[in-house]
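Subject: Structure handover and notes

Dear colleague,

Please find below the structure that I said I would pass on. My notes come after it, and I would be glad if you read them with the coordinates open.

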Amino acid sequence: MASVSPPSTVSVDVVVWGGGTGGVAAALQSARAGVETLLLTPGPWMGGMLSSAGVCAPDGHELSCWQTGLWGAFLRGIAEREPSGVDQNWVSCFGFRPDTAEQLLRDWVAREPKLRWWPGCELLEVTRKGDRIEQLRVSRADRQDRIHGSVVVDGSDLGDVLAQAEVPHRWGWEAQEQWNEPSAPTRKRLASDNFFRNQPVQSPTWVSFGQESAADVPNHPTVEPSGAFAGCLASFGLARTLSYGRLPGGLVMLNWPLHGNDWHQGLDRSISANASDRLDLETEMQAHSLAFLDQLQHCSDGWLTPGEGIPGSGSPLALMPYWREGRRLIGRSTVTERDLLPIHDGARRGPLPLNSEGNCTSIAVGTYANDHHYPGEDWPLAPKSCRWGGRWTGTPFCISYDALVSDQASNLLMADKAFSVSHMANGATRLQPLILNIGQAAGLAAAQAVQRKCRPAELPVRSLQMALLRDDQAPAAVLPLWDWPWWHPNWLQAQCDGLDHPDQVDAFGGLNGSRKLERPTTDQAPAAPHQIGVEGVLRRLDPFRTNLECADGDWPLITLEPGVANWLEGLDGGERVRLRAIRNPWGAWLRVLGGTQLS
């Protein structure tokens, strides 16, 4: 039996317990801000949803005005590394292989001299004294370490530090009466319906991977799906189901909610203190996902075969589950469904979080439409989407800094899904783009707290906001300003003006706002890999959708660029145009970067 070295003691400015996408973001930003940072991950990879869990077709937050912070930097880095491009499927405008994402994140981490990464750690104990977390005790390989951090960041999917430090947190549903959330169940229904006890959180998925063959995808199944997967093709058919999560090289991400590989049973085990309970749950999830892959292989007559999404694993499974929800901090404030929804009918943003002085406290912007995963029928949710740029997109909302901190643990910051959010709102806040940027804000706040020798909750929010906006590597938006893409020279000024005058924020970036600053033009967006030039005649289908009739067919048009969206909406149809675009045959659409009218 191998001997175990006696515990060593490590002191560091910021320690991040990671494993989630927000964990690596927090560690990276903390080190970039100039403080000694240690990132601990339970697995061999660091990227969470973006790599380890295999959720490599991020849904939402696609518009260029939202491509800011580490999310935007990640997209541009991925686009440079994927030889065949990122326009690979129809659920997202960005598809990439898990190892491409992981290597990008590792390269970023390796460049930071103040950042150390310890993979393969187990969190054994968190010691708390009063309102401070004093120590994390972890094991790795044949040793144990006691780690003291001036600031501790929980960057895990399930809120691991919250639990072991016994910081007050939530798990499960809240009644409609608690925050007046329109989509939440009433207190009476919560108490009487067994559904809520059996399904305390959103269902997770253990992603599996298929590999497409060189032949054209079959349009119809050779045999119908059966058993637990009966009906999985009913809504979209075989070809669309298989191209939903297509990734470069014909790898197919299987993360299918419609009678697919979501797992609904015994979810309390995900946070059990008993390791065998957690292992049983994970084993069941893996078997279910492999069975789904097998069904699709038979339905497609062998067109889809098992694919190795994690190179060297010898398995078609991701390295870890895609946890949609876990424990959630009880913070200084809580993001609820009311904070996500448009401020009035026809509005295209949620309310701004304001403190008692009337200053905005937002540190990140989310946009996802809200989406909950449970067995059975879709859970009815208050709408927060709009038509824009030829497709549906979620309306933006803000995350207040107070949702990352707690009075009960004064040196703790949350960097992943376990920040202070309601169960209903979690359906819109759990996605990779927002979690990357929440992690970025948490890491920067941790560094500033160390440098100022203050508690994270005492940090002046404006200093954090300005540091995010002026970051020299990944400037991050804090306000939901539709008109300003990340690349525009007026982007920073519009964000600063909005912070100075939150009561007038729509004048600095709303779609119908003032024209004080020069807006983007129709052909100003930067060039992108794989763009083509195409000419044709514009055909208007309805007020929101246009097609281009060109030499190689009739193509629906979408765009992520505000200037292009406004231009296309203003055309009547029948005009001849020249476009810069990227072709997505699986969409199928042309993603328009810019254009000019020829006649």
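What follows is an account of the strands, helices and individual residues that I looked at.

Please bear in mind that this is a predicted model, in which local features need pLDDT of at least 70 and side-chain atom pairs count only at pLDDT 80 or more, while totals for chains, interfaces and linings use all residues. Residues are numbered from 1 along each chain as its sequence is written, and side-chain values use heavy atoms, with hydrogens and water left out.

A closed barrel of 5 strands runs in the order β17-β18-β19-β21-β20, with mixed pairing; here helices (H or I, at least four residues) and strands (E, at least two) are DSSP runs numbered from the N terminus, and two strands pair if DSSP finds at least two bridges between them. From one strand to the next the twist averages 55°, where angles run from 0 to 180 degrees between N-to-C directions and axes are lines fitted to C-alpha atoms, for helices over the stretch in contact. Helix α15 (residues 562-570) packs on this sheet and touches β17 (532-542), β18 (545-550), β19 (553-559), β20 and β21, its direction making about 75° with that of β21; contact means heavy atoms within 4.5 Å. Between β20 and strand β21 (residues 589-597) there are 8 bridges, and the pair is antiparallel, with I582 opposite R591 in β21.

L579 belongs to strand β20, which covers residues 576-584. This residue counts as buried because its relative accessibility is 2%, buried being under 20% relative accessible area, exposed over 50% and partly exposed in between (1.4 Å probe, protein chains only). Once its neighbours within four places in sequence are left aside, L579 is in contact with I532, G533, V534, L548, L557, W567, V592, G594 and G595. The C-alpha atoms of L579 and D552, which lie 27 residues apart along the chain, are separated by 14 Å.

Strand β13 (residues 385-388) and β14 pair in the antiparallel sense over 4 bridges, and R387 has W392 in β14 as its bridge partner. The two strands form a hairpin with 2 residues between them, and G389 in the turn has a positive phi of about 65°. T393 sits in β14, which spans residues 391-394, and is buried, with a relative accessible area of 4%. Its side chain is joined to that of E62 by a polar contact of 3.4 Å, a polar contact being a pair of N or O atoms within 3.5 Å of which, within protein, one must be able to donate a hydrogen and the other to accept it, and residues adjacent in sequence count only if both atoms are side-chain atoms. Apart from neighbours within four places in sequence, T393 is in contact with E62, L63, K384, S385, C386, W388 and W482.

The open sheet

An open sheet of 3 strands has the order β9-β8-β10, with antiparallel pairing. Its edge strands are β9 (251-254) and β10 (304-306), each of which pairs on one side only, and the twist averages 40° from one strand to the next. Strand β8 (residues 208-212) is joined to β9 by 4 bridges, with G210 opposite V252 in β9. Helix α9 (residues 275-299) lies across β8, β9 and β10 and runs at about 145° to β10.

Helix packing

The axes of helix α12 (residues 432-452) and α13 come within 10 Å and cross at roughly 125°. The two helices are therefore oblique to each other, given that angles under 35 degrees count as roughly parallel, over 145 as roughly antiparallel, 65 to 115 as roughly perpendicular and the rest as oblique. Where they meet, Q440, A441, L444, A445, Q448 and R452 in α12 face S463, L464, A467 and L468 in α13.

Helix α14 (residues 491-500) is largely enclosed by the rest of the structure, because 7 of its 10 residues are buried. Those residues are W491, A494, Q495, C496, D497, G498 and L499, and what covers them includes α13 (461-469).

With best regards
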